[in-house]
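Here is my note on the model, as numbered points. Please read it with the structure open.

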Amino acid sequence: MLSFISFSSQSTDSTYHRSARHHPDVEDLMDVDDDDFSGSEPRLTCPGETITSSQAFMRGHGTYVDKEDVIASVVGTVERVNKLVTVRAIRTRYNPEVGDLVVGRITEVQPRRWKVDANSRQDAILMLSSVNLPGGVQRRKLESDELQMRNFFEEGDLLVAEVQAFFSDGAMSLHTRSLKYGKLRNGQLVTVPPILVRRLKSHFISLPCGVDLILGLNGYIWVSKQAKDSDQGEEGFDAEAVYSNQNDDIDSATRAAISRVSNIIRVFADHFVPLTDTLLLEAYEWVIEQEGDAKRLLLGDTGDALVAAMSLRC
């Protein structure tokens, strides 16, 4: 006579989950609580570093499985969605989305379009029909406008634009139809990893030190002289000088402020600190309190002290 013995599935499941929760690799190398992944400090990892156990988690982008371990394949931050663990690379190209604000550089003038370096996998396209004429005039672009394209933008010009759509080959289409977009003047460009630029309510920031910031989501940041109220057109840009190549006269105090803000951004990028408007304002006030000049910020001790002070304040 045959007899069957049934085993409790609940005990088996509980034993499995209990063993997965208390796996030594998970406890020692990565705490899987949601609070740790939602913290302000990113969790950095290096190629070849063991992140967690493949028995408890699934591997995502930037990882691979060796025996029973999930191992990072790139330098980046560890991110977790439920049981999926991925590593987001620090040094990576910008992945655009419709509506993003980007800062780019003109690389080529083509018939009825410009090619723009936007720190993406391929150059962006700015069509002649997607720009404003001088003075904000709205009309259909004619053949005479195509002949004067270099009067609008030429090779090497910097501009701020918005991602409008994508072409069939994946290239992004830009537009500068608002007067808050257009050619950039009176400042300098600072490049940071795109992962450090967070999405904010507004990426146009005016600091009380007389410096304007444009935080491009593609990692290009424009630091410039603050525009005067009397010279501003719609949304704070001069409608007449939107395509001008001539920079304004900048006094020595404003030049020092621009250099100081630019070096603050470089320090945060070297320490992998995400950039926000509040953080930049707090950092500038701290530098003024320390009576530090722009050159001292690039020294190791001063930069470390700045990052440590901001971690305590914010």
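1. Strand 9 and strand 10 (residues 124-131) run antiparallel and are joined by four bridges. Strands pair here if DSSP finds at least two bridges between them. Helices (H or I, at least four residues) and strands (E, at least two) are DSSP runs, numbered from the N terminus. Across this pairing, Trp114 has Leu126 of strand 10 as its bridge partner. The two strands form a hairpin with six residues between them. In that turn, Asn119 has a positive phi of about 60 degrees.

2. A word on conventions. This is a predicted model, in which local features need pLDDT of at least 70 and side-chain atom pairs count only at pLDDT 80 or more, while totals for chains, interfaces and linings use all residues. Residues are numbered from 1 along each chain as its sequence is written, and side-chain values use heavy atoms, with hydrogens and water left out.

3. Strand 9 also pairs with strand 8 (residues 101-110). Five bridges join the two, again antiparallel. Val109 is the bridge partner of Trp114 here. This hairpin has two residues between its strands, and Arg112 takes a positive phi near 65 degrees.

4. Buried means under 20% relative accessible area, exposed over 50%, and partly exposed in between (1.4 Å probe, protein chains only). In a regular strand the side chains alternate between the two faces of the sheet.

5. Now the aromatic pairs. The whole structure holds three of them. Rings of Phe, Tyr and Trp (its six-membered ring) pair if their centres lie within 6.5 Å; planes under 30 degrees apart count as stacked, over 60 as edge-to-face and the rest as tilted. The rings of Trp114 and Phe153 have centres 5.4 Å apart and planes at 85 degrees, so this pair is edge-to-face. Trp114 is in strand 9, whereas Phe153 is in the loop between helix 5 (149-152) and strand 11 (158-166), so the pair ties together parts 39 residues apart in sequence. Trp114 counts as buried because its relative accessibility is 0%. Phe153 counts as buried because its relative accessibility is 0%.

6. Phe153 has a further ring partner. Its ring and that of Tyr243 have centres 5.3 Å apart and planes at 85 degrees, so the pair is edge-to-face. Tyr243 lies in the loop between strand 17 (220-225) and helix 6 (252-270), so the pair ties together parts that are 90 residues apart in sequence. Both Phe153 and Tyr243 are buried. Ring pairs link Trp114, Phe152, Phe153 and Tyr243 into a cluster.

7. Val242 sits in the loop between strand 17 and helix 6. Its relative accessible area is 9%, so Val242 is buried. Leaving out residues up to four places away in sequence, Val242 touches Tyr181, Gly182 and Lys183. Contact means heavy atoms within 4.5 Å. Val242 and Arg185 are 57 residues apart in sequence, yet 9.1 Å apart in space, C-alpha to C-alpha.

8. The order is 2-5-4, with antiparallel pairing. Strand 2 (50-53) and strand 4 (63-66) stand at the edges, each with a single partner strand, so one side of each is left without a neighbour in the sheet. The twist averages 30 degrees from one strand to the next. Axes for such angles are lines fitted to C-alpha atoms, for helices over the stretch in contact, and angles run from 0 to 180 degrees between N-to-C directions. Strand 4 pairs with strand 5 (residues 69-72) over four antiparallel bridges. Val65 stands opposite Val70 of strand 5.

9. Thr86 is in strand 7 (residues 84-89). Thr86 counts as buried because its relative accessibility is 18%. Beyond its neighbours within four places in sequence, Thr86 contacts Gly60, His61, Thr63, Thr77, Val78 and Glu79.

10. Finally, the chain as a whole. Its secondary structure comes to nine helices and 17 strands. Of its 314 residues, 43% count as buried.
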